[in-house]
Amino acid sequence: MAMNHFSFKAGRLNLYTITLVTILCAAFYLVGVWQHSVGKSIAFSNGNYACTTVAATQNSTADVTVDLDFTAHHTASDLKVVTKARNIQLPPCDGKFSEYTPCEDRERSLKFDRDRLIYRERHCPVAGEILKCRIPAPANYKVPFRWPESRDFAWFSNVPHKELTVEKKKQNWVRYEKDRFRFPGGGTMFPHGADAYIDDIGKLINLADGSIRTAVDTGCGVASWGGYLLSRDILAMSFAPRDTHEAQVQFALERGIPALIGVLASIRLPYPSRAFDMAHCSRCLIPWAQSEGMYLIEVDRILRPGGYWILSGPPINWESHWKGWNRTTGDLQDEQSKIEAVAKSLCWKKLKQKGDIAIWQKPTNHIHCKRNRKALNVPDFCKGGQDPDTAWYTKMEPCLTPLPEVSDIKETAGGQLLNWPKRLTSVPPRISNGSFKEITAQNFTENTELWRKRVAHYKALDNQLAEPGRYRNLLDMNSFLGGFAAALIDDPLWVMNVVPVEADFNTLGVVYERGLIGTYQNWCEAMSTYPRTYDFIHGDSIFSMYKSRCEIEDILLEMDRILRPQGSVILRDDVDVLVEVKSIAEGMQWNCRIADHEKGPHQREKILVATKQYWTAPAPEEDNQEKQTSSES
């Protein structure tokens, strides 16, 4: 009986279900017919969103009265941003701007104080002075040689300046041969080549065990020292001012060697404290003993505990060179004595002087240095003012940056770094010691793995990035922990890791502790580099970060300035932001497409992949013909 009862009940349920489904199907069918008569459809294809209106026609024999609302629910103001972006005109600049560096412009620099080379520091154009046009490549521009050939050769048409081939002929910096420059690897203090010079340094300190990974070359010339260190797994940041040595940093970048325009003057170098394992000056003409030793104090700030400072050229070995330097023995001896005194006041130890090379070492901690302060007197330790990692228009101070506290004389202040390459993936001391409460060791490990996956996805989107050797100079506009660069470490390229000064965390010190290099930057201003520096630019949420700070087109114009023709860009950001960016970039002769996030199409964050088209300034004869035609008309 019980079984018959349940069978009867189940039968009733099935009947109810069938009836309900039939009613619902009929209702949905009628609703669908009505919607079709009004007719709107939205099509999605390949991640691009396109809205298409379907024209509706309604034939009905019945007189039906329907109250329809034809009032506008979206006004022109709602489309203000998109309309503005589509109407922006960004024409090419005049060919005379092909080497324009906005924040190191020569004409503007003459307005500033020449004392301590302040006029050679960054002086950016203000609103109203910013160019709203695209910087052209010079006529006949060619894609640079690939690394490692680029270390030794550059096309003349890309950097059409022969001045250094004459000025530095005896020093073997650069030679002009037919349609190209050849770089023999020489320097003022190493005319027989950077390799032999580096070998000499390697006989005095260990360059081979991975303990020295990051270096800074002050007054770098064409950066041959940094270029030849790369084969030894040492990554150098080279810098020099834009001065009478025409195009020296531009040559370095064209060769595929990391470099920036920069000068030791009145503001801190744009690097965090304790960044470099080694600092170098080879006849760099920096007055180390002047201005209360301020420039050596700044080198001390950016030098890692236990790091080395290498000096060659005047006044080192003045006994052998004083006649060639056109200086008196007394003058040179006095300069060396003053440099020695400043180094001693910083608690540096002079390790060795052999031939033309002298090497000092910074202490691994400040225990002894603090005890000796009363005897040494000057400079005193900086007292609780500026963050030692703050370095964006930050004035230098004549005080010694204190190292993090230690409890034992044998302990390394700030934490001991592993040798390269282990330091790339090990947790950096700044994270493991709790300098960032919001960033843990687990966060670091997860971020490293995240970027490994993201870069693999990028290579699937951009086959040129996947091709080893196609790109050499890369820029990451918002590097955070340097995960993007770390994921590319096995490719024959280098990455300039930028930590924006507006970022939530100042993590550039972490980037350096991983054995990578980078700089600070405000992307509302131009970067301290020449046009056509980078083959590839990456930006993670950079436009969301700056959307209320400056105009999107100004950032894109700067990206266009520093990107080489046929170079690529990958940006990841909110889809609405990227749609606006795409509309402007396409007006700059970029080929753009928006692709899905690596996790799939249901993420609001998308990826914009773009390539800058090849175009140049007209050749001089073409330019003259255009002007003549214009005047006749």
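Helices (H or I, at least four residues) and strands (E, at least two) are DSSP runs, numbered from the N terminus. The model is predicted: local features need pLDDT of at least 70, side-chain atom pairs count only at pLDDT 80 or more, and totals for chains, interfaces and linings use all residues. Residues are numbered from 1 along each chain as its sequence is written, and side-chain values use heavy atoms, with hydrogens and water left out.

**Exercise 1.** Describe the setting of R561.

*Solution.*
Step 1. Helix α20, spanning residues 552-562, contains R561.
Step 2. With a relative accessible area of 3%, R561 is buried; buried means under 20% relative accessible area, exposed over 50%, and partly exposed in between (1.4 Å probe, protein chains only).
Step 3. Contact means heavy atoms within 4.5 Å. Apart from neighbours within four places in sequence, R561 is in contact with residues including Y100, I135 and R532.

**Exercise 2.** Which loop holds A223, and which holds F480? State the phi of A223 and of F480.

*Solution.*
Step 1. A223 is placed in the loop between β6 (214-218) and α6 (224-229), and its phi is positive, about 65 degrees.
Step 2. F480 sits in the loop between β13 (473-476) and α17 (483-487), with a positive phi near 55 degrees.
Step 3. Most residues other than glycine have a negative phi.
Step 4. A223 is buried at a relative accessible area of 0%, whereas F480 is partly exposed at 31% relative accessibility.

**Exercise 3.** What is the omega of the cis peptide bond that joins W147 and P148?

*Solution.*
Step 1. For the bond between W147 and P148, omega is about 5 degrees.
Step 2. P148 belongs to the loop between α3 (106-109) and β3 (153-155).
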